[in-house]
Amino acid sequence: MKILAIIPARGGSKRIKRKNVKDFCGEPIIAYSIRAALQAGCFSRVMVSTDDPEIARVAKKLGADVPFMRSAATSDDYATTADVISEVLDRLEVNGHIYDAVACIYATAPFITAERLRDAADMLERGEAQAAFTCVEYSYPIQRSLAIGEDGRIGMKYPEYATARSQDLPKSYHDAGQFYLSTVKSFRECGSLWGPDTRPVILSELEVQDLDTMTDWKLAEMKFKLLGHTVPKKKRGRKSKAELESKAAEPKAPAIVFARKPVTKTETFPETMKLGRYTCESYAVMDAVTSDLMLRGRNHPDIRKRMVNEGVVSREEHEAFVGSLRSRQDKVYYAVTANMGDIIGSFNMERTGPARMERGIWIDPSQWGKNHALKILARAYDYFHRAMDVDVIETKVRVDNEASHRLEQKLGAVEVRRDEEYVYYETRLAD
């Protein structure tokens, strides 16, 4: 299924000025929607529909397409979301770009995740529904709601439920305002992003917050931090001598520093590169023999049990995945060989935000015990820091994967949070 992701982001927000690019926990709020859409891997294209040049610049810098600016007819206060989606689909279809489904992702949805987007896309792919969108349960039964009459007195809106127990009443839900997915056929027929054949993507209250006032904004930032998200440090003014001395006394996490040669700045991942004695070749350009070796390596039992996804990868899945990488600007997988052509393993990098990337790696069991991972990643971190201005590397390790925890420590990673399954690390890179 070919799915288009559209992020509407008008410049003329009224209640919160410049809302769609306003700083939210250290980043323009639209960055969270763009990042989740790019990471989801289920969209053929991720684009922003805007009438505002600044928003267009920010969106492009974050990796989204802005193929054209929004018309005046869909930029005023009376244009609906459906009007915006229709305009985009119409303009793209005129140029021969036809899609099976469309996603509308709101620009002010900092709690959105790639996993939720993939879940909704999977529902459509499997034919379980023609549309899906996020919703959240009302925190209190609406049957027990109150109403204030014209005389100023308050009473039960539905008095027949006055003595009913809350737990006996059916649950009610409301739109969570994160995203909608719909087949284009259903959208055209209904004139809406959800019709009679719609499935819910149910969120918790902690993942939902209206953003109409600055109080809403502050509450959302509090929830964001409660959910365990890390917040980039903001640059501040000159510190006092006492502050500097106090900071100097704090324990510091080690940082990656590596002997280096000059590199050329780039915004795109190189197809091939040399990291010391290692040759790294993008999956997108590797030959059939190397591809087969990568598939076998990925499916080695000792590799799979250490990976985030433990399931065996079929040849069809592998080939489809490799094919999808050819159109990705935010993600790369490298096959790694040594000077003699021996397969060492593979590592991957993915943009997760400005100056941030997430990393994964596996080493062929025949090459274990030779410090390949540390040597490869030290050089790779140095390259991406200098060539692509990456300052933070994010990683996720299974709680029981002791070898990977030791690797993170050697790389200077710092644990930022953990849950029952994973430990989440960040490595800050130094010049």
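I took a salt bridge to be a side-chain nitrogen of Lys or Arg within 4 Å of a carboxyl oxygen of Asp or Glu. The model I looked at is predicted.

Entry: salt bridges.
I searched the whole structure and found 27 salt bridges.

I looked up arginine 188 and found it in a salt bridge with aspartate 90, with the closest N and O atoms 2.8 Å apart. Arginine 188 sits in helix H5 (residues 184-190) and aspartate 90 in helix H3, so I noted a link between distant parts of the chain, 98 residues apart. Arginine 188 is partly exposed at 35% relative accessible area, and aspartate 90 is partly exposed at 38%.

Next I looked up aspartate 77, whose side chain meets that of arginine 10 in a salt bridge (3.1 Å, N to O). Aspartate 77 is in the loop between helix H2 (53-61) and H3, and arginine 10 is in the loop between strands S1 (3-8) and S2 (23-24), so the pair ties together parts 67 residues apart in sequence.

I then checked aspartate 382 and arginine 386, which form a salt bridge of 2.9 Å, N to O. About one helical turn separates the two, because they are 4 residues apart in helix H11 (residues 372-388). Both aspartate 382 and arginine 386 are buried.

Entry: second largest pocket.
I read its space as about 880 Å³. Its lining has 34 residues, and the closest to the centre are Arg15, Lys19, Asn20, Tyr106 and Thr108. Strand S9 gives the most to this lining, with 5 residues. By class I noted 13 nonpolar, 10 polar and 11 charged residues in the lining.

Note on methods
Residues are numbered from 1 along each chain as its sequence is written. This is a predicted model: local features need pLDDT of at least 70, side-chain atom pairs count only at pLDDT 80 or more; totals for chains, interfaces and linings use all residues. Side-chain values use heavy atoms; hydrogens and water are left out. On a 1 Å grid over the protein atoms alone, a cavity is a set of points where a 1.4 Å probe fits but cannot get out, and a pocket is an open set with protein on both sides within 12 Å along at least five of seven lines; lining residues have an atom within 4 Å of a point. Grid points are joined across faces, edges and corners, and a volume is the space filled by probe spheres set on the points. Ala, Val, Leu, Ile, Met, Phe, Trp, Tyr, Cys and Pro count as nonpolar, Asp, Glu, Lys and Arg as charged, and the others, Gly among them, as polar. Buried means under 20% relative accessible area, exposed over 50%, partly exposed in between (1.4 Å probe, protein chains only).
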